[in-house]
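Trainee: I would like to learn how to read salt bridges and helix faces from a coordinate file. Please take the general idea before each case.

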Amino acid sequence: MLRSISSRVSSLVFNEPPLVLYRVRVSQIDHTEQCTASVSLFFSSSLLLISIVTKRMDNLKSLTSKKPQHCITLLFKIPYYTQWGQSLILSGSTPTLGSWNLKQALSMHPVHQGDELMWCARAGVTAGFTCDYKYYVVDESRNVLRWESEKGRKFVLPDGAKDGDLVEIHDLWQDAAEGLFLRSAFKDVIFSGSDDLERETHKLSIKTLDGQDQQDTVVVQFVISCPLLNKGSNSTNDSPKFFVLSDGPFREIPWRGSGVAVPMFSVRSEEDLGVGEFLDLKLLIDWAVNSGFHLVQLLPVNDTSVNKMWWDSYPYSSLSVFALHPLYLRVQALSNDIPDEIKEEILKEKENLNKKDVDYEATMAAKLSIARKIFDLEKDKILKSSSFQKFFSENQEWLKPYAAFCFLRDFFETSDHSQWGRFANFSNEKLEKLISEEAPHHDIICFHYYIQYHLYLQLLESAEHARSNKVVLKGDLPIGVDRNSVDTWVHPTLFRMNTATGAPPDYFDKNGQNWGFPTYNWQEMAKDNYAWWRARLTQMGKYFTAYRIDHILGFFRIWEMPDHATTGLLGKFRPSIPLSQEELEREGIWDFNRLSLPYIRQEMLTEKFGSLWTVISTNFLNETQPLYYEFKEDCNTEKKIIAKLKFSSDKSFWADQEDKIKRSLFDLLQNIVLIRDPEDSHKFYPRFNLEDTSSFNDLDEHSKNVLRRLYHDYYFVRQENLWRQNALKTLPVLLNSSNMLACGEDLGLIPSCVHPVMQELGLIGLRIQRMPSEPDLEFGIPSKYSYMTVCAPSCHDCSTLRAWWEEDEERRIRYFKTVVGSDDTPPPNCTPQITYFVIQQHFESPSMWAIFPLQDLLALKEEYTSRPVSEETINDPTNPKHYWRFRVHVTMETLLKDKELQITIKDLIRSSGRSFPGKESEGKIVNI
């Protein structure tokens, strides 16, 4: 280490070719240039300062820069490759650096140094100067495109600097990855109680070697912050008196941890009423600590009570992105003075609801009924308490409209606020009347306040239990909100209400997915600097110290369908650069109706519908020319087809095969090549997998070749820069809105710009072994995962490890040969030995986090595998009306008593080198 630093200093002083800081071989130094070095090491909390004083010899090159005579010159240097029209500026806390006013920030100019583009800026300062500063990337109008992700750099002028001196500051761009260990998950939880991890800069007392003239020295100050070491800066062609070289965080071995994932509703305890409850998290956290886990991951826990039926079990369709779900309320904890008759009712409901799966409707009804009885008994005491008043004051901006929405939903018996008459359009004036104390329904409004208050207290209690046990509680940020939600009612302009969100065909569903959420109006959101998003993340940060960004690809581009679609196949990316009519015509493509309307020939009808084809054509189609058809106006969308199949007077003809008829009609409707933009008829989008359609295959060869090339260009080439820019506008807002650790779910059809942007922003990706990001692999290789990832054998959107192993024999054989390295016949069942092998791979991977679904961990022990594997699946992405009701079949109390399973897991963690609660070496600085 010392020889490497000395080599670097020699390069700085003697203008050797650019070398990499701390990674220079001694052989790279011109040994005709002699130098001596004095090294002092200073440790202060997490900061390591290294001061080196180097004697310059007679053969130094002459100074080429003119030094100011009446001040000290700071020369800032940072290597950064910009795109055309971009530049860097430097802004800081002092007037010299613009006082954080970006319009007055220092402009930087680029200089090519070897293979690097070095951006430079000079500033004159006086002795004793200190400042905070940060670099920004701006366009030609000084609009900020990107900024450094950490809180900012600190600079203190080195001791000994005097008028006329040049102090050169070499920096590297601070990607967010360098600041991950300053996020609350590490700083406030895992490393809490350890030395402060904040980056600091300290004044150094510079001492020269005995007998040396201080004027004949160059002072080099290295600023290194724990806990990760990265590359340093490159050399300079100037000869300043002082260098300040800053580097990334420093740690001997990258920190790695592990966790367990389970939906809140799936947890089972001896105290719950038919579903996992927030207070059950304390048991789960205790089990996690005993097993060696540093993290507990949940699915979304926001209220989804849109339909007031089991459809609301879908946790990603929020009624409110701020309100918590009453499903997770523990009614026994509402009061210390619950009457005996209510206690008896609770015991009765516990017995009735103690089922294999969650009974969503019965559980919600029981909990709200019991909670209402307790509320009636103590509402005056609670609503007047200082604790409630504080909660109300801090949350009223979302709590008031939420309570009013719930009242109106129940009053009108629908959440579709367009059906609410004069209340369809939200206003603060109407809201205040709805929640007024004089209103006859004020008790109902207060009941919703009361429920949210107790949910807040119960989740907060579990969150604090997690923090005190050094366990990160990880939440989930859904990509969308229900179109009939509080958020779309209060903020309608933030959403494109005539559209639906989904995902193109991928591993999860070959026909694509349609989630039904309206897409976001990002232009409108930008007007108040994304206040809705910032408030949403701030609210999450009250409970969680990490979060998963659901479908992070949606922040680059979202798959958008018209709201009349029910499937996800006929979508387009938003934003995206379409194919223009002019562009297509230049390529010889001109028959746009033929390409953008369903291509239906009579032989298709006979093939799909057999003897029923005449009945189907009569009801759904018009013949436009002999043997060619088009859909009638009343059934030319997917929703219209569903309605006509259900209510047609000829329904009896197809009643016994309605689903098959529907799929066949959908196939005809989707038999197109181009999708015409509904907002601009001169713009088109290639239909996904257009080569699978007969509409495409019946074209001439020239048209096919042109459309193949344009298809590839649309999906894989022309959008990359646009999507990158879009993500760099939106994702930093999320990341800077809270101090939580952010992880992105980057599965599916992944544009090439995604992983570089995530790395740039310090976002942790997701790796599922059965869904490798490498196109040439069938199974991911955990040992080759990058550090900035979460790895897992499965997730809630796919089958469990056991189910995956047992559902496909040929794939199982390929896995056994490719991954296990055995030509033997694999066992048909996923034995504990197979589970152990797969889980061990993930523990030993380089990924920062290894997070395992609880079902996969239970498969380590034979006695927990008696349940049929099909019953352990949480979600089926191919079914938009899937019932989310899985419950673990053993209680947390039972698992806490099972020391054997806990020891097995903890031994895996310990042997993999991952951190676990109580590990002695955690958070310590490495001595050099």
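Trainee: How many salt bridges does a search of the whole structure find?

Mentor: First, the ground rules. This is a predicted model, in which local features need pLDDT of at least 70 and side-chain atom pairs count only at pLDDT 80 or more, while totals for chains, interfaces and linings use all residues. Residues are numbered from 1 along each chain as its sequence is written, and side-chain values use heavy atoms, with hydrogens and water left out. In general, side chains of opposite charge can pair when their charged atoms come close. The criterion here is a side-chain nitrogen of Lys or Arg within 4 Å of a carboxyl oxygen of Asp or Glu. The search finds 52 salt bridges.

Trainee: Which parts does the pair Glu277 and Lys367 tie together?

Mentor: Their side chains form a salt bridge at 2.7 Å, N to O. Glu277 sits in the loop between β14 (257-261) and α3 (281-291) and Lys367 in helix α5 (residues 360-383), so the pair ties together parts that are 90 residues apart in sequence. Helices (H or I, at least four residues) and strands (E, at least two) are DSSP runs, numbered from the N terminus. Both Glu277 and Lys367 are buried, where buried means under 20% relative accessible area, exposed over 50%, and partly exposed in between (1.4 Å probe, protein chains only).

Trainee: Where are Asp746 and Arg767, the partners of another bridge?

Mentor: Asp746 and Arg767 meet at 3.2 Å, N to O. Asp746 is in the loop between β30 and α21, and Arg767 is in strand β31, 21 residues apart. Asp746 counts as buried at 2% relative accessibility; Arg767 is buried too, with a relative accessible area of 14%.

Trainee: Which residues do salt bridges with shared partners join into one network?

Mentor: The network consists of Arg496, Glu560, Lys572, Arg574 and Glu679.

Trainee: Now the helix. Which residues of α21 are buried?

Mentor: The general idea: an α-helix has 3.6 residues a turn, so residues three or four places apart point the same way. In α21 (residues 754-761), the buried ones are Val754, Val757, Met758, Glu760 and Leu761. Down the axis of α21 they fall within an arc of 160°, so they line one face of the helix. That arc is taken over the directions from the helix axis to the C-beta atoms.

Trainee: What do the buried residues of α21 pack against?

Mentor: They pack against β9 (144-147), α20 (720-736), β30 (741-744) and β31 (765-768), with contact meaning heavy atoms within 4.5 Å. After α21 comes Gly762, whose phi is positive, near 75°.
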